[in-house]
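Keep the 3D view open and follow along, topic by topic.

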Amino acid sequence: MQGEMEDKCGIVGIHCKDESKNVASFVYYCLYALQHRGQESAGIATFNPQKGLNYYCGMGLITDVFKDYEIQNLKGNMAIGHVRYSTTGQSRLENSQPFVTDFDDGFIAMAHNGDIVNSAELRDELIAEGFEFKSDTDSEVICYMLKKEHYHNNKSIIDSIEAVSQKLVGSYALTILVNGELYGVRDPMGIKPLAVAKRGDDFILASETVAFDVINAKYVRDIEPGEVVFFEDDEIKSHMLEVSKDSKISHCMFEYVYFARPDSTIDGINVYETRMNIGSKLYDLYPIDADVIIPVPDSSIPAAIGYSRASGIPYGEGLIKNRYVGRTFIMPTQEERELAVRLKLNPIKEAIQGKKVVLIDDSIVRGTTSKQLLDLVKESEPAEIHFLVGCPPVIAPCFYGVAMATKEELIAANYSIEEIKEQLDIDSLGYITLEALVEAIGMPKEDLCLGCLNEEYPTELPEGLVAETYYKP
């Protein structure tokens, strides 16, 4: 459900061997295509052998942060970029990325998507060794770990990444600039997506393939779990991390359910087709006699189309989304919070009144937004409301880069489906099953991270982290 859950970040990297070219504008357009992955801050770092390192970060959407003059000042033929939504670390300028750290003969600039579950322990170790942090994010921890290995321990950047990967627990997709060399890194489990494309002689790294489409770059392949890529002699060079040998692949299922744009392809699977499959599976599970199928826009639209095609029941746009509404500020009163929902979505009474409606959403997390949405739909006086959900019940927190509620706040962790239906006051409520979701994605179950659905996490979790996050009734 939009507004209840967010992914952490989108990252980009561009390698261009022509030192006369400036690639900041291409990074900007790629980040624009990835804006759905983070709306809190944006940043770009560029490098040119004559101009050196330049970087600029700011709070807000990419269009708020970067104007023409900022882009023009970011000279360089190598670049990385980042759009952020916070999970570890507060929403403030100091936490915006890319992070940059320098040393006597160079610098490291890094953009990170993911979450390091043992970052607090690693941070304490670095502080004890004299490192001073400007942010409270796990991303800066990785940046300083790389600096320590590369500069203080005099290792090559590949050996530095190897050493750091041995200590990291969690999810990470990285784009890294080191003295004008670009590296892309994906964690050994492949939780977060990262792919590479080519545009002429230039190489592009990005979280999703839609970033390639916008600059007319040709997708080459996904970065493998545990792979480090870099670029030499017009070729993609590859190094597999040692930790990948003993790691279990665990792609995040929420990329397919909600996070990624439907026009992206991740690890060989098209997101739009997956969501269409989810809708078809929902019909197999819940063949409801209805008059119209209505999605909660926008991420649920393909699932609603899939249900409509499978059932033969007409698809309708019963909810119109205001596409010019950004993130609404925190509303102090219930009346104002309800106003925020109305600002984002408005029902079409003529499409709903007197009809048996199947309303399809991608997920229910806390349930508060779903309740407000359904109350809005009820004002249009439907004959029946059947609420179908394209994700199984979320019963546990995510520790790998999804800003999700604690277990105490997760409605499905504390109430049965029948109890949730009664709270929402609707005619029926149906979730897709875990088995049906896996079939819809088309990937082996053992290759997916499903921890928030079945509490089977792909890594061990620090005891303190579990104690802080879990609700014990």
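Let's begin with one glycine: leaving aside neighbours within four places in sequence, Gly430 is in contact with Tyr286, Phe387, Leu388 and Val389. Please keep in mind that this is a predicted model.

**Gly430 and its strand**

- Gly430 sits in strand S24, which covers residues 428-431.
- Is Gly430 buried or exposed? Its relative accessibility is 0%, so Gly430 counts as buried, the cut-off for that class being under 20%.
- Thr369 is 61 residues away from Gly430 along the chain, and the C-alpha atoms of the two are separated by 17 Å.

**The parallel sheet**

- S24 belongs to an open sheet of 4 strands with parallel pairing, in the order S18-S21-S22-S24.
- The edges of this sheet are S18 (292-295) and S24, each of which pairs on one side only.
- On average, neighbouring strands here are turned by 20° against each other, with direction ignored.
- Within the sheet, S21 (residues 356-361) and S22 (residues 384-389) pair in the parallel sense over 6 bridges.
- To find this pairing on screen, look for Asp361, which stands opposite Val389 in S22; Val389 is also one of the residues in contact with Gly430.

**Helices on the parallel sheet**

- Helix H10 lies across S18, S21 and S22, and runs at about 165° to S18.
- Helix H13 (residues 368-378) also packs on the sheet, where it touches S21 and S22. The direction of H13 makes about 150° with that of S22.

**H9 and H10**

- What describes a pair of packed helices? The angle between their axes and the distance between the axes.
- For H9 (residues 271-285) and H10 (residues 301-311), the angle is about 45° and the axes are 6 Å apart.
- H9 is therefore oblique to H10.
- The two helices make a right-handed crossing.
- On the H9 side, the residues that meet H10 are Tyr272, Arg275, Met276, Ile278, Gly279, Ser280, Leu282 and Tyr283. On the H10 side, their partners are Pro302, Ala303, Ile305, Gly306, Tyr307, Arg309, Ala310 and Ser311.
- Sorted by class, this contact holds 10 nonpolar, 4 polar and 2 charged residues.

**H9 and H16**

- H9 packs with H16 too: their axes come within 8 Å and cross at roughly 145°.
- This crossing is right-handed.
- H9 brings Thr274, Asn277, Ile278, Lys281 and Leu285 to the contact, and H16 brings Ala436, Leu437, Glu439, Ala440 and Ile441.
- Here the residues divide into 6 nonpolar, 2 polar and 2 charged.

**Val438 in H16**

- Val438 is found in H16, which spans residues 434-441.
- With a relative accessible area of 12%, Val438 is buried.
- Not counting residues up to four places away in sequence, Val438 touches Met443, Pro444, Lys445 and Leu448.
- Pro347 lies 91 residues from Val438 along the chain, with 32 Å between their C-alpha atoms.

- Another open sheet has 6 strands in the order S6-S7-S8-S9-S13-S14, and its pairing is antiparallel.
- S6 (99-103) and S14 are the edge strands, each pairing on one side only.
- The twist from one strand to the next averages 20°.
- S13 and S14 run antiparallel and are joined by 6 bridges, with Phe231 opposite Ile236 in S14.
- How many residues of helix H6 (residues 157-165) are buried? The count is 8 of its 9, which leaves H6 mostly covered.
- Among those buried are Ile157, Ile158, Ile161 and Glu162.
- The cover over the buried residues of H6 includes helix H5 (138-152) and strands S8 (170-178), S9 (181-186), S13 (227-232) and S14 (235-240).

**A hairpin**

- S3 (residues 41-48) and S4 (residues 52-59) run antiparallel, joined by 8 bridges.
- A hairpin connects S3 to S4 through 3 residues.
- Within this pair, Thr46 stands opposite Asn54 in S4.

Note on methods: Residues numbered from 1 in each chain as written. Predicted model: local features only at pLDDT ≥ 70, side-chain atom pairs only at ≥ 80, totals over all residues. Heavy atoms only, no water. Buried < 20%, exposed > 50% of the residue type's maximum accessible area, 1.4 Å probe, protein only. Contact = heavy atoms within 4.5 Å. Axes fitted to C-alpha atoms, helices over the stretch in contact; angles between N-to-C directions. Parallel < 35°, antiparallel > 145°, perpendicular 65-115°, else oblique. Left-handed = near helix turned anticlockwise from the far one by under 90°. Nonpolar A, V, L, I, M, F, W, Y, C, P; charged D, E, K, R; others polar. Pairing = 2+ DSSP bridges.
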